[in-house]
Amino acid sequence: MALLQIAEPGQSAAPHQHRLAAGIDLGTTNSLIASVKSAVAECLPDEYGAMLLPSVVRYLEDGATVVGRAAQEQQAIDPHNTIVSVKRFMGRSLADLKDAAALPYQFKDGPGMVGLHTVAGERSPVQVSAEILNTLRQRAEASLGGSLSGVVITVPAYFDDAQRQATKDAARIAGLNVLRLLNEPTAAAIAYGLDQQAEGTFAVYDLGGGTFDISILKLTQGVFEVLSTGGDSALGGDDFDSAIAAWFCAEHGLNGVAALPPSQQRLLLTAARAAKEKLSNHDSAELCLTLADGQSLAAILSRAQFATLGAPLIARTLSATRRALRDAQLNTALITGVVLVGGSTRMPIARDAVRDYFGLEPLADLDPDQVVAIGAALQANVLAGNGSGDQWLLLDVCPLSLGIETMGGLVEKVIPRNSTLPTVRAQDFTTFKDGQTAMSLHVVQGERESVADCRSLARFELRGLPPAVAGALHIRVSFQIDADGLLSVSAREQSSGIEAHIEVKPSYGLGDEQIASMLQDAIAASQSDMRLRALREAQIDARRLLDATESALAEDGGLLNPTEIDAIHKAMYTVADRLETEAPVEELRLSTNALSAATDAFAARRMNASIQKALAGRAMDSLMP
Amino acid sequence: MQVSLTPAAARHVEKSLAKRGSGIGLRLAVKTSGCSGFAYALEFVDVLNPDDQCFETAGTKLIVDAKSLAMLDGTELDFVREGLNEGFKFNNPNAKNSCGCGESFAV
């Protein structure tokens with residue numbers, strides 16, 4: 001027998017029409033599921049009343065899996081088969097994981113994504129995540145009394161296409177219908193913005209277990225716009241634990257955390273986490289570790305010492321924050337509120353740093369662990385069709401510019417960085433050679449002017465173009481990024497309607513450190529990039545002029561006397577020579593100008609000749625309109 | 001004519017109203033739909049309609065419109081927990097039979 005929930009006035013659904021929807025915060029350290037019940041979004045607890053599901057999966061020899069707290073407790077005993085922080089491996093190849101050697105897992109480099117070797121066989125991060133999602137799904141279905149029609153899953157703002165796709169795949173394996181992937185800070189803004197009807201420009205500072213995200217959002221009359229995002233996908237509460245563990249080892253003259261056996265690494269990290277959590281409410285905390293030889297070590301960590309240990313990590317969050325503000329073209333004075341998200345923002349050192357940086361008391365009314373799941377649940381409810389739909393519009397941004405390669409190895413940006421998503425942008429391109437019947441399109445991502453310095457995403461070809469002179473065809477290239485941040489590119493020749501299309505699913509993703517370094521390179525290289533672009537453009541102009549002159553000479557060379565032909569040839573040689581020797585842009589321009597001056601008279605004569613040809617033998621009458 | 005709430009239901013209604021931050025009470029209504037002819041509806045109330053009747057149990061206002069009241073007379077609204085799931089249940093003496101899901105009934 002179904003149990004009824006209270007609905008908003010006028011919105012109670014017909015029987016069997018209410019669609020159960022949930023929001024899932026698939027976190028690095030902990031995951032949560034929330035749903036809208038009786039018009040209020042709340043996190044759903046398990047049978048013991050716990051909201052947080054530790055994102056830990058343990059594989060047993062008989063193929064069974066243990067998920068959550070029970071798995072976490074076995075972490076120290078069975079570190080090889082107990083997978084923690086799997087989110088860091090989603091959509092990543094072994095080469096992306098710089099710290100792989102420090103982890104207790106046996107990685108296997110697979111195509112596109114690492115695999116993890118366990119007693120139950122090889123598991124991909126997608127399968128591990130699916131186990132977590134499946135546990136949450138079962139919890140929600142028991143709690144809501146029916147099967148879920150759809151879910152909204154949150155991902156860090158900086159997750160790239162591969163990581164988003166991997167998350168969607170995990171949901172599919174877990175039998176979930178993904179209504180949408182939502183950026184975590186954006187979900188937090190929904191939770192706060194809708195509950196409090198706030199307006200203004202907000203910074204969402206999300207320091208979770210394994211990722212840091214900063215988003216600058218503008219809230220006006222219930223409409224959210226993400227102005228910019230930034231962050232570090234390899235910085236979170238875990239790093240504070242590691243810093244404490246490293247300090248502990250140094251205190252006792254141990255040769256670093258990595259030198260300990262895996263089970264002790266885990267014990268030490270667990271003790272470090274407990275100490276960190278204790279320091280949020282106490283002035284000091286004690287850590288103990290029993291070594292393999294039975295020797296027992298202890299140390300007392302004070303709040304002040306912890307502040308020193310955590311300072312470099314906090315500084316990294318603030319530098320990402322500065323970048324995001326710069327991208328949004330704002331300064332701290334223009335921020336009207338700061339929202340704290342993620343369990344790690346319970347650390348006083350994080351709160352103090354945020355308060356000092358923005359000069360504002362950060363918002364933390366909602367439980368920082370639950371904010372994201374609650375926002376996701378609110379959106380899931382709307383997307384499932386339970387709420388009154390178009391109350392709010394949600395905008396995300398793309399972190400790096402997307403474009404295609406053009407002649408000379410240059411990048412033409414089609415979607416600029418920080419464009420709001422979903423988006424469709426189109427740009428017209430044309431052919432370079434007479435009679436060109438195919439075009440190769442190379443989709444790239446990055447801020448640099450030359451293709452070599454950007455990241456290649458995909459290549460495809462547009463074939464069967466009608467033969468025409470160079471520049472006569474119009475090929476419209478459209479870039480579309482859907483609400484989940486997935487890109488599709490299509491090219492269409494306007495006169496014939498010939499079309500080619502590609503879905504971009506890169507084999508592996510870019511980390512935000514790579515994104516950050518790509519951005520820095522772009523800024524540092526902007527001068528040389530500009531010069532390179534000018535040179536390449538001049539070279540393309542020169543080649544085009546040479547081609548045109550050559551074909552004109554072949555066709556109408558008879559209109560010129562030998563001296564004139566000589567002069568034109570001479571000018572052509574100069575241009576060709578300077579092209580060959582990669583002459584500087586100014587010299588090249590001079591020679592092309594000279595060539596076009598030398599051919600001016602020729603062009604005029606050709607024009608006259610063709611008009612005469614057209615008019616020859618025709619009566620005046622036939623030309624009248 | 002009377003409708004009532006069990007103490008558990010009253011507590012939950014008060015809690016939900018407090019969380020929502022606005023609303024004067026809970027509306028019980030019957031709609032003509034569903035697999036057995038009629039369906040229950042539970043909604044928050046922000047404004048009263050002219051034909052609404054107000055019942056107060058343990059400080060909680062229950063609002064029922066005249067048409068629905070005929071079919072709800074004597075109903076007790078309960079709040080129950082079944083495993084992880086919890087929600088409202090109608091104990092309606094007028095209902096002759098209800099469909100398996102309990103969301104609709106016949107008189």
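In chain A, the buried residues of α5 pack against β13 (200-207), α6 (262-279), β16 (284-290), β17 (296-302), α7 (303-327) and α8 (348-358). Contact here means heavy atoms within 4.5 Å, and buried means under 20% relative accessible area, with exposed over 50% and partly exposed in between (1.4 Å probe, protein chains only). Helices (H or I, at least four residues) and strands (E, at least two) are DSSP runs, numbered from the N terminus. The model is predicted, so local features need pLDDT of at least 70 and side-chain atom pairs count only at pLDDT 80 or more, while totals for chains, interfaces and linings use all residues. Residues are numbered from 1 along each chain as its sequence is written, chains are lettered from A and ligands numbered from 1 in the order in which they are written, and side-chain values use heavy atoms, with hydrogens and water left out.

Helix α5 of chain A covers residues 237-251, and its 15 residues reach 21 Å from first C-alpha to last, close to the 21 Å expected at 1.5 Å a residue (1.5 Å times one less than the number of residues). Because 11 of its 15 residues are buried, α5(A) is largely enclosed by the rest of the structure. Among the buried residues are A:Asp238, A:Phe240, A:Ile244, A:Trp247 and A:Phe248. Just after the helix, A:Gly253 takes a positive phi of about 65 degrees.

Cysteines deserve a brief word. A:Cys249, one of the buried residues of α5(A), has a relative accessible area of 1%, whereas A:Cys288 is partly exposed at 46%.

Leaving aside neighbours within four places in sequence, A:Ala166 is in contact with A:Met90, A:Gly91, A:Met113 and A:Val126. The C-alpha atoms of A:Ala166 and A:Met113 are separated by 9.3 Å, although the two lie 53 residues apart along the chain.

A search of the whole structure finds 3 cavities of 30 Å³ or more. A cavity is a set of points on a 1 Å grid over the protein atoms alone where a 1.4 Å probe fits but cannot get out, and lining residues have an atom within 4 Å of a point.

Conventions: 1 Å grid on protein atoms, 1.4 Å probe; cavity = no way out; pocket = protein on both sides within 12 Å on 5 of 7 lines; lining within 4 Å. Points joined across faces, edges and corners; volume = space filled by probe spheres on them.
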